[in-house]
Amino acid sequence: MNIIAELRDVEKSYDAPVLRGVNLMISEGESLAIVGPSGCGKSTLLNLLAALEPADAGEISVAGKSLIGLSPRDGARLRRETVTTIFQDHHLLPQCTVWENVLLPLLAGGAKPTADDCTRAGELLVRVGLAGKRESLPAELSVGQRQRVAVARALLPQPKLLLADEPTGACDEVTAAAIAALLAEAVTPESALVLVTHNPAIAAVCSRQMRLHDGQLEEA
Ligand SMILES: Nc1ncnc2c1ncn2[C@@H]1O[C@H](COP(=O)(O)OP(=O)(O)O)[C@@H](O)[C@H]1O
Ligand SMILES: [Mg+2]
């Protein structure tokens, strides 16, 4: 099985050490849940994988490319072509409709969406249960619906590595489980999901669970 991402002895400190020697291999086809209490470093770990922050020490590679010393330009390219993050607070554009928000990652690349892109966007909106909300603005949606728009938007470019940072944090338990299941089901034999959550019930939708504890990853 091919490896999508690998971390070796990764360390990261801010005011205090956060990651103290993280080792992890993420394979194609895998959905991995990372659990741990607030403040333990889950978002930090995802930020390193998305090349949003540099590691202090250790090795990180994604899709065969080392992230150590990566230029900002190559980091942006990695996020455009390989790694997509769903943030806790969805980051939808308030002035854009649901439909526009879903197509946004494609427009941001400077391209015009193709007919195929639009077909897929339509299918994704059906899959997240928002087919009837295309023309709605984010403010007209519930919190759970907004998160589902963010899920559709993240899945449209078919990222090789999808990082989801507590994407269900603001939802009730039932909605949260449905969204997590949607993310896990979207994993293909060539892609992988890393889902960060403090909720073990949500983590259970993934094929593998790990815990971030004292700055290190252990089997959960
Ligand atoms: N940009 C930053 N500057 C300073 N400290 C940070 C920064 N990002 C995270 N931290 C600190 O690192 C620790 C881990 O944060 P975080 O990765 O957000 O945890 P989690 O996502 O598990 O709640 C916290 O103590 C947090 O205050
Ligand atoms: Mg966090």
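User: Is Glu-28 buried or exposed, and what makes it so?

Analyst: This is a predicted model, and in it Glu-28 has a relative accessible area of 14%; buried means under 20%, so Glu-28 is called buried.

User: What makes the pairing of Lys-160 and Glu-28 a salt bridge?

Analyst: The side chains of Lys-160 and Glu-28 come to 2.8 Å, N to O, and because the cut-off is a nitrogen within 4 Å of a carboxyl oxygen, the pair counts as a salt bridge. Lys-160 sits in the loop between helix H5 (143–155) and strand E7 (161–165), while Glu-28 belongs to the loop between strand E2 (17–27) and strand E3 (31–35), so the bridge ties together parts that are 132 residues apart in sequence.

User: How do you know how far apart Arg-77 and Glu-81 are along helix H2?

Analyst: Arg-77 and Glu-81 are four residues apart in helix H2 (residues 72–81), which means that about one helical turn separates them. Their side chains meet in a salt bridge at 3.4 Å, N to O.

User: Why is Glu-81 called exposed, and Arg-77 partly exposed?

Analyst: Exposed means over 50%, so Glu-81, with a relative accessible area of 52%, is exposed, whereas Arg-77, at 41%, is partly exposed.

Definitions and conventions
Residues numbered from 1 in each chain as written. Chains lettered and ligands numbered in written order. Predicted model: local features only at pLDDT ≥ 70, side-chain atom pairs only at ≥ 80, totals over all residues. Heavy atoms only, no water. Helix = DSSP H or I, 4+ residues; strand = E, 2+ residues; numbered from the N terminus. Buried < 20%, exposed > 50% of the residue type's maximum accessible area, 1.4 Å probe, protein only.
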